[in-house]
Amino acid sequence: MPQLTFELPDTVVVTGASSGLGHELCSLLVEAGVATVGVDLAAAQDNLAALAGCCHVAGDVAGEATWEKVVARLRSSGAKRIGLVTSAAILDVGTILEATPAIMSRALNVNIVGTALAIKFLLPLMIEAHDGTIVVVASVNATLAEQQLGIYNATKAAVR
């Protein structure tokens with residue numbers, strides 16, 4: 001019977017690390033022995049911050065300064081095989097008639113700009129190392145639009 005095996009990167013950067021999918025991924029990666037850099041505007045949760053092999057970079061994923069901090073941390077750690085999981089997302093419920101420019105901008109910045117900046121800043125490190133893995137988290141909503149999630153649906157379609 002064929003067997004499927006794969007190697008995880010030495011270090012994985014995970015956006016949206018303070019809650020939901022991002023938090024769970026950080027926990028699982030650290031448990032698997034992978035050094036993890038969690039990126040989130042919110043502070044790291046105590047149970048995640050206490051894990052050996054996990055560090056937190058506080059900042060906006062849509063801000064270049066955040067990614068400069070992440071790259072500096074990766075360079076100082078000597079990480080060779082780097083992975084990236086972009087799981088940070090904003091999901092506001094409401095009709096398009098209720099959406100304000102502020103709501104739209106926030107979702108576009110986190111869901112699209114944050115994803116693009118993460119790739120822009122980490123890809124050069126991956127190219128230097130001739131190795132790297134990127135997992136961009138979209139959603140079924142990228143294809144099958146759900147009611148009252150018009151902005152989220154559009155941003156996840158853009159990510160996809």
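Student: Where is Gln148?
Tutor: Gln148 sits in the loop between S5 and H5. Helices (H or I, at least four residues) and strands (E, at least two) are DSSP runs, numbered from the N terminus. The model is predicted: local features need pLDDT of at least 70, side-chain atom pairs count only at pLDDT 80 or more, and totals for chains, interfaces and linings use all residues. Residues are numbered from 1 along each chain as its sequence is written, and side-chain values use heavy atoms, with hydrogens and water left out.

Student: What is phi of Gln148 near?
Tutor: Phi is near 65 degrees for Gln148, a positive value in a residue other than glycine.

Student: Why does Gln148 count as partly exposed?
Tutor: Because its relative accessibility is 43%. Buried means under 20% relative accessible area, exposed over 50%, and partly exposed in between (1.4 Å probe, protein chains only).

Student: And where is His130?
Tutor: His130 is in the loop between helix H4 (101-129) and strand S5 (133-136). Its phi is near 55 degrees, also positive in a residue other than glycine. His130 counts as exposed, because its relative accessibility is 76%.

Student: New topic, the sheet. In what order do the strands come?
Tutor: The order is S3-S2-S1-S4-S5, 5 strands in an open sheet with parallel pairing. Two strands pair if DSSP finds at least two bridges between them. The edge strands, strand S3 (54-58) and S5, each pair on one side only.

Student: Over how many bridges do S2 and S3 pair?
Tutor: S2 and S3 pair over 5 bridges, in the parallel sense. Val39 has Val57 in S3 as its bridge partner.

Student: What does H1 touch on the sheet?
Tutor: H1 packs on the sheet and touches strand S1 (11-15), S2, S3 and strand S4 (82-86). Contact means heavy atoms within 4.5 Å. The direction of H1 makes about 165 degrees with that of S1. Axes are lines fitted to C-alpha atoms, for helices over the stretch in contact, and angles run from 0 to 180 degrees between N-to-C directions.

Student: Which strands does H4 lie across?
Tutor: H4 lies across S1, S4 and S5, at about 175 degrees to S4.
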